[in-house]
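Here is a briefing on one protein chain. Keep the sequence and the coordinates open as you read.

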Amino acid sequence: MGAWEDACAYRGSSTFLIPEGSFFLAQVLFSGPCFGDLSPKVIILGTLIAPTTLTADVWIYFKSLRQLTITGNIGSGILDGQGAETWLYGFNCRHRLSCGIFTTSLKLSDVSNATVSNISLVNSKGFHVALNGCDNIHLSGFKITAPWNSQNTDGIHISQSTNINITASDISVGDDCVSIGPGSINVSVSNVICGPGHGISVGSLGRYREEKDVMGIRVENCTIKDTQNGVRVKTWPGEDHASKATNLTFQNIVMFNVSNPIIIDQQYCPNHFCDIKESSGVKLSNINIKNISGTYNSEFAVNLQCSSAMPCENVQLSYINLTAIEPPETDDIGRFNCKGSLNNFSILNSTF
């Protein structure tokens, strides 16, 4: 912390270096603002190892910083969350709704104009990477790994943030590879390899009152393989939790052995402690899903569970070419399931 404080206060450009080697690290907060709003360049060459038990909600926390760069090298810059003990606890407590905090390995909050690249994260207790209240952040070259059955280990989670770019990353986790939460505006996800995991998701939305809207999400040129979902929008039931998600684009995506390639789920209720008979109060509109190809292993290639109170509006599927791994028993064309209300829905030049 002394090194960080010196680098942050330095009257000019500075570098904060974590050298080669393995280092045991408890919860740590790197906070600004730094001198002249110029943050140190952070270079991680070693491996940082978290305690097996950690009660903090964040392990490595960067907060209130401008012009921040964090980088590692290929094969170095590893953050090991040691999450196995937490996953076991989480598996047992989730059914009782008695879970404590699942620690996020790396979080940026109130950070702007930042680049984070070439970092490897393994076995986080909770989310591997989280951005909250950030603007103009570029993430690239991430390698994120956790077992397929680890709970709540999202690769990258975004909330209350604007102008976020995620690219050229490989994410294999037990939950969403990328999850885009409330208040996310102008988010781009491209050239990401996802799987195993739960796919790439907008949401979940509508769980809490007065959530901010989601606008301008673009997911493209990605590969999704061996996942529970492909591209997904998920909102909780409950009409009094009103918000909007609009201008969502998913395009040029290849899928292999995916269970739910294209899914809108406005009855999202993972713990079964909500009433799915209630309509979702989240308004979904202007959703463009284009040029999706590959294979799936479930009954439906397209599954749209829209709100009956807030119809999905302006949803277009075009150039969808998905093949069931096990052919249907009948000659009926199309494995499509729809529930709720849709306004202005179209399918163009597609087979599934």
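The model is predicted. A search of the whole structure finds 7 salt bridges. The count of cavities of 30 Å³ or more comes to 1.

**Enclosed space**

- Rolling a probe the size of a water molecule over the atoms shows where empty space is left.
- The largest cavity has a volume of about 70 Å³.
- Its lining consists of I18, F30, V42, I44, L48, I60, F62, I70, L79, L106 and I119.
- β4 (41–44) and β6 (58–66) are the elements that give two or more residues to this lining.
- The lining of the largest cavity divides into 11 nonpolar residues, no polar and no charged.

**Second largest pocket**

- The second largest pocket has a volume of about 170 Å³.
- Residues T52, T53, L54, T55 and A56 are among those that line it.
- E85, T86, Y89, G100, I101, T103 and K125 also belong to the lining of this pocket.
- What is the make-up of the lining of the second largest pocket, in nonpolar, polar and charged residues? It has 4 nonpolar, 6 polar and 2 charged.

**Salt bridges**

- Side chains of opposite charge can pair when their charged atoms come close.
- K143 and D170 meet through their side chains in a salt bridge, at 3.4 Å from N to O.
- K143 sits in strand β13 (residues 143–145) and D170 in strand β15 (residues 162–172), so this pair ties together parts that are 27 residues apart in sequence.
- K143 is partly exposed, at 38% relative accessible area. D170 is also partly exposed, at 23%.
- E313 and K283 form a salt bridge between their side chains, at 2.9 Å from N to O.
- This pair links distant parts of the chain, with E313 in strand β25 (residues 312–324) and K283 in strand β23 (residues 280–296), 30 residues apart.
- E313 is partly exposed, with a relative accessible area of 29%.
- E220 pairs with R218 in a salt bridge, and their closest N and O atoms are 3.3 Å apart.
- E220 counts as buried at 15% relative accessibility, whereas R218 is partly exposed at 37%.
- Salt bridges also link D176, R232 and K234 in a network.

**Helix α1**

- Helix α1 spans residues 2–9, and W4, A7 and C8 are buried in it.
- The buried residues of α1 fall within an arc of 100° when seen down the axis, so they line one face of the helix.
- Which residues are exposed on the other side of α1? They are E5, D6 and A9.
- The cover over the buried residues of α1 includes β1 (15–18), β3 (28–31), β4 and β6.
- β4 and β6 also give two or more residues each to the lining of the largest cavity.

- V231 lies in strand β20 (residues 229–235).
- V231 is buried, with a relative accessible area of 2%.
- Neighbours within four places in sequence aside, V231 is in contact with I200, I224, F250, I253, M255, P261, I262 and I263.
- G199 is 32 residues from V231 along the chain, and their C-alpha atoms are separated by 6.1 Å.

**Cis peptide bonds**

- The peptide bond from G32 to P33 is cis, with omega near 5°. P33 lies in the loop between β3 and β4.
- G195 and P196 are joined by a cis peptide bond, with omega about 0°. P196 is placed in the loop between β17 (185–194) and β18 (200–205).

- S64, a residue other than glycine, has a positive phi near 55°. S64 is found in strand β6 and counts as buried at 18% relative accessibility.
- N113, a residue other than glycine, has a positive phi near 55°. N113 lies in strand β9 (residues 104–117) and counts as partly exposed at 40% relative accessibility.

How values were computed: Residues numbered from 1 in each chain as written. Predicted model: local features only at pLDDT ≥ 70, side-chain atom pairs only at ≥ 80, totals over all residues. Heavy atoms only, no water. 1 Å grid on protein atoms, 1.4 Å probe; cavity = no way out; pocket = protein on both sides within 12 Å on 5 of 7 lines; lining within 4 Å. Points joined across faces, edges and corners; volume = space filled by probe spheres on them. Nonpolar A, V, L, I, M, F, W, Y, C, P; charged D, E, K, R; others polar. Helix = DSSP H or I, 4+ residues; strand = E, 2+ residues; numbered from the N terminus. Salt bridge = Lys/Arg side-chain N within 4 Å of Asp/Glu carboxyl O. Buried < 20%, exposed > 50% of the residue type's maximum accessible area, 1.4 Å probe, protein only. Arc of directions from axis to C-beta. Contact = heavy atoms within 4.5 Å.
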